[in-house]
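Work through the exercises below with the structure open. Try each task before reading its solution.

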Amino acid sequence: MNINELKGIGEKTEKVFNKAGIHTTDDLLKYYPRNYDIYEMPLWIRDFKCNQICAVKAIVYKQIEIRRVRNLQIVTAYLQDDTKNVIRATWFNAAYLKNTLKPGSSFVFRGMVKENRGAFVLEQPKIYKINEYKELLDKMQPIYPLVSGLTEKMVTKAVVQAIKVELPVKEYMPGAVLKERGLIDINKAYMQIHFPKNKMELKQAKDRIIFNEFFDFTYSLRKFKDSDKDNENRFVINNSEVISTIINDLPYKLTNAQLRTWNEIEKDMSGSKVMNRLIQGDVGSGKTIVATLALISASLSGYQGAIMVPTEVLARQHLESINELIAENELNINTVLLTGSMKAKEKREAYAKIESGEVSIIIGTHALIQDSVNYKNLALVITDEQHRFGVRQRESIANKGSMPHIIVMSATPIPRTLAIIMYGDLDISIIDELPANRLPIKNCVVGTNYRPNAYKFIEQQVVQGRQAYIICPTVEFSEAIEGENVIDYCDTLKNIFPPYINIEYLHGKMKPAMKNEIMDRFAKNEIQILVSTTVVEVGVNVPNATVMMIENAERFGLAGLHQLRGRVGRGKYQSYCIFINASETKKASERLEILNHSNNGFEIANEDLKLRGPGDFFGVRQSGDMEFKLGDIYSDASILKTAADMVNRIEDGEIEVSDEEKQRLDEYIDKYIYSSGLNI
Ligand code: ADP
Ligand code: MG
């Protein structure tokens, strides 16, 4: 059901919900809380901890004080608990509290504990009557992710209605699976994920929903694999002599890992079976050149090869570097770019060249898989930074040819055991070595007060001819979301830096043509400081950029931060990454500390996992790449493994499933694949 049929959602509100990706009641049902507020038993004041939300049952010990500081009114109360300890509590602009907080009256106060001049203070605590607090005790209130214009109340109200519309759903998981895993009913799980009565209920709901996510995914992969029986190599490709010459003439020496990977590809493409290979390599490990060699080899054999990337900026960069390599080696190969923002006429021209075979290397975005594109003889399909594409897109580009070779490239650091599950039927090559000329990136994690130094440092780098990225978490100012935004930040910087330094911004909501222009100018060093959202995270290569400064670093997952950092340190210059931590929590600084002392993606993923421990409820998600709504392939790895194992046992007849159950499951999975929440 469309959400506009719900009570309280008019045209305007609908748009706000849409911004959060919510269109239907089903979306709402699966719009899971990012956290829960738990009302715990009040503590003694002596047990309070700094920077934590704490509650205390206390009496107001004397008349409250009201002070004015500039245009703020500060209310201070002294609260005494039963052990006679006293703590100060403060509120802003709340003189009306005088009527409530009479000396001698008792309440429960709940708020953030801060330290001020050596003593603990309770900041802006909420005030509850003692009985009222008893009612709330141990209840969990959902906290939803918000976008500008959306409030917790609005989401909660809509979710309550959506639950009524959507539930009950039919159980599709075979009984034997539920029983063996001790999983709760799916309807109960949906209720409990939004409104758990206690931690136990939340855990049950998470276990069930995460299991579902992994099960659905691995079951779908298994289906793809089973339908892929005919795997004869129809495009035998072998040009090892020419490719060896190209490799020898490169301005750098390939690393051993690059060479090994290339050999694996060459063996696959010239063998008897079609290639299905994942190339995994940390950011900056040099995956592009390996992919390019494969494309050139396919082309030299008279076939077409296509490479699909997630952004236009990246597509254009790849085009340029491939063209350069072709020119340097005086090869007779024509290339073409195909992206969504090209004019209709340009697109038609590209289509014609692709269909006639005039071009043999095709570089583009999703536009490569549109219906109107007909390939002459597509023998190789590469997807770069593939986690941005669903399995389905991968399939549809493969279907454009007749069983082409496939290479999937990914920088997501994922242990081999998990990779085998996540990538199903792909063989895996790992580029586990960085080019030798790289100086390790120098990192620092600092507070916001360090900004002036950071700016001075960036200025010095620019004077030396280098460039810098500054990343902010959001595009524009919004009351609902804290953190720096690209637009205001860029304005501020223009007032700080001297006018000869060009500063521009980049974000995902800009028109593609505009984005291309900004990125081109940055690549040419016409822009020296680029203030951007994480749109630059994916693959972009500007080796002259040496500083990456990330505002609100505490807001990003470690894998995302590592990707961002990978935008610098791509050339011969010493590079620097400055993580600005605007949070005061210990956890945030511990997490960021991991990045501070390691530049290795695998290591970071492992450390992060250790720090959080599996099953950590409230941690920042490790990676937005593997887009399961709730499950996290790192911290829920054991659930992932079990789910994959059970899929195999069902398929191998080792788990007892009735015909009726099997049919229901297959129907469900077919629907799931084609409605595809599957974004892997
Ligand atoms: P990624 O694996 O992140 O996609 P790229 O393929 O974009 O990395 O390579 C990053 C940079 O390293 C590019 O500028 C590329 O030309 C350069 N490069 C690739 N391989 C080597 C190598 N063996 N030695 C030196 N530089 C290399
Ligand atoms: Mg890349």
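**Exercise 1.** Sort the residues of the shell around ligand 1 into nonpolar, polar and charged.

Solution. The model is predicted. Start with the nonpolar residues of the shell: there are four. Next come the polar ones, eight in number. Now ask who comes nearest among the 17 residues around ligand 1: Gly284, Lys287, Thr288, Arg438 and Arg570.

**Exercise 2.** Find side-chain N or O atoms that face a nitrogen or oxygen atom of ligand 1, and give the distances.

Solution. A polar contact needs a pair of N or O atoms within 3.5 Å. Take the nitrogen side first: a nitrogen atom of ligand 1 lies 2.9 Å from an N or O atom in the side chain of glutamine 258. Then turn to oxygen. An oxygen atom of the ligand is 2.8 Å from a side-chain N or O atom of lysine 287. For the side chain of asparagine 541, the distance from an N or O atom to a ligand oxygen is 3.0 Å.

**Exercise 3.** Where is the cis peptide bond at proline 168, and in which loop does proline 168 lie?

Solution. The bond joins leucine 167 and proline 168, with omega about 0 degrees. Proline 168 sits in the loop between helix H4 (152-166) and helix H5 (175-181).

**Exercise 4.** What is the phi of asparagine 51, and between which strands does this residue lie?

Solution. Phi is positive, about 65 degrees, although asparagine 51 is not a glycine. Its loop runs between strand E1 (35-38) and strand E2 (53-60).

Methods. Residues numbered from 1 in each chain as written. Chains lettered and ligands numbered in written order. Predicted model: local features only at pLDDT ≥ 70, side-chain atom pairs only at ≥ 80, totals over all residues. Heavy atoms only, no water. Near = heavy atom within 4 Å. Polar contact = N/O pair within 3.5 Å; in protein donor to acceptor, adjacent residues only side chain to side chain. Nonpolar A, V, L, I, M, F, W, Y, C, P; charged D, E, K, R; others polar. Helix = DSSP H or I, 4+ residues; strand = E, 2+ residues; numbered from the N terminus.
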